[in-house]
Amino acid sequence: MVVKIKRITFIILNTGFKKYNQALVKVYDTCNNLIYHEETYNGRLDLLLKEKDVYKVEIIKNNSIIKSSIYVVKDKYIFSFSRTITFLLRDANYYNLPIKKGEIILWQK
C-alpha cells in the first residue's frame, strides 16, 4: 500500500505579523501521538501529513484554544480566532475625564 503525503497549509486568521503574536499549532495522529508542535509565521504553517488520514488539531493563541479534527483531503485549512477590541474614550479637552456613555459610529452603512 502506497502512503501519499500531502503538503497542508494551516491559515490562522487574526494573528500577528511575521513571528510576533503567532499561534501555536499542535497536531496529533489517530493514536493521540503529538506529531507537530510549531508556531505559525504570518499566520501560516505548512505541514506534511498523510493523505486521507484523520488528525486532531489544537491551536493556541493568547489563552484561547481552537480544537478540531481534520480529514486530509484539501490543501488548505482555515481557522479564525474571534477578536474583541476595547476602546477607552477620553474627552479631547479634558484628558482625565473618561467618557462613560455615548454613541460612536465607526463607519457609515
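Me: Which ring does Lys56 lie over?

Reply: Lys56 lies over the face of Tyr28. This is a predicted model, and the computed distance from the ring centre is 5.9 Å. A charge placed over a ring has to come within 6 Å of the ring centre, and 5.9 Å is the value found for Lys56.

Me: Thanks! What is the overall make-up of the protein, from the N terminus on?

Reply: The elements run β-β-β-β-β-β-β. There are seven strands and zero helices.

Me: What makes strand 3 and strand 6 edge strands?

Reply: Four strands form an open sheet in the order 3-2-5-6, with antiparallel pairing. Strand 3 (34-39) and strand 6 (64-71) each have a single partner strand, so one side of each is left without a neighbour in the sheet. Neighbouring strands of this sheet are turned by 15° against each other on average, direction ignored.

Me: How do you know that strand 5 is paired with strand 6?

Reply: Pairing needs at least two bridges, and eight bridges join strand 5 (residues 54-61) to strand 6. Lys61 stands opposite Ser64, and the bridge partner of Ile60 is Ile65. The hairpin of strand 5 and strand 6 has two residues between the strands, and Asn62 takes a positive phi near 50° there.

Me: And how many bridges join strand 2 to strand 5?

Reply: Five bridges join strand 2 to strand 5, and the two run antiparallel. With at least two bridges required, this counts as a pair too. Val27 stands opposite Val57 here.

Me: What about strand 1 and strand 4: how many bridges join them?

Reply: Seven bridges join strand 1 to strand 4, again in antiparallel fashion. Ile8, for example, has Leu47 as its bridge partner in strand 4. Leu47 belongs to the covered face of strand 4, together with Leu45 and Leu49. The uncovered face holds Arg44, Asp46, Leu48 and Lys50.

Me: Why is the aromatic pair of Phe10 and Tyr77 called tilted?

Reply: Planes under 30 degrees apart would count as stacked and those over 60 as edge-to-face. The planes of Phe10 and Tyr77 are at 35°, so the pair is tilted. The ring centres are 6.2 Å apart, against a limit of 6.5 Å for a pair. The structure holds one aromatic pair, and this pair links distant parts of the chain: Phe10 in strand 1 and Tyr77 in strand 7, 67 residues apart.

Me: What makes Phe10 count as buried?

Reply: Buried means under 20% relative accessible area. Phe10 has 0%, so Phe10 is buried. In the protein, buried residues make up 28% of the 109 residues.

Me: Which residues touch the most other members of the largest nonpolar core?

Reply: They are Phe10, Val27, Leu49, Ile59, Ile70 and Phe79, out of 19 residues in that core. The elements giving two or more residues to the core are strand 1 (5-13), strand 2 (24-28), strand 4 (44-50), strand 5, strand 6 and strand 7 (76-80). In soluble globular proteins, nonpolar side chains tend to be buried together.

Me: What is Ile70 in contact with, leaving aside its neighbours within four places in sequence?

Reply: Ile70 is in contact with Phe10, Leu49, Asp53, Val54, Tyr55, Val57, Tyr77 and Phe79. For the protein, residues 24 or more positions apart account for 49% of the contacts with a separation of 6 or more.

Me: Why is Asn21 called partly exposed?

Reply: Partly exposed falls between the 20% limit for buried and the 50% limit for exposed. Asn21 has a relative accessible area of 40%, so Asn21 is partly exposed. Asn21 lies in the loop between strand 1 and strand 2, and has a positive phi near 55°.

Notes
Residues numbered from 1 in each chain as written. Predicted model: local features only at pLDDT ≥ 70, side-chain atom pairs only at ≥ 80, totals over all residues. Heavy atoms only, no water. Axes fitted to C-alpha atoms, helices over the stretch in contact; angles between N-to-C directions. Core = buried A, V, L, I, M, F, W, Y, C linked by side-chain atoms within 4.5 Å. Buried < 20%, exposed > 50% of the residue type's maximum accessible area, 1.4 Å probe, protein only. Contact = heavy atoms within 4.5 Å. Phe/Tyr/Trp six-rings, centres within 6.5 Å; stacked < 30°, edge-to-face > 60°. Lys NZ or Arg CZ within 6 Å of the ring centre and 35° of its normal.
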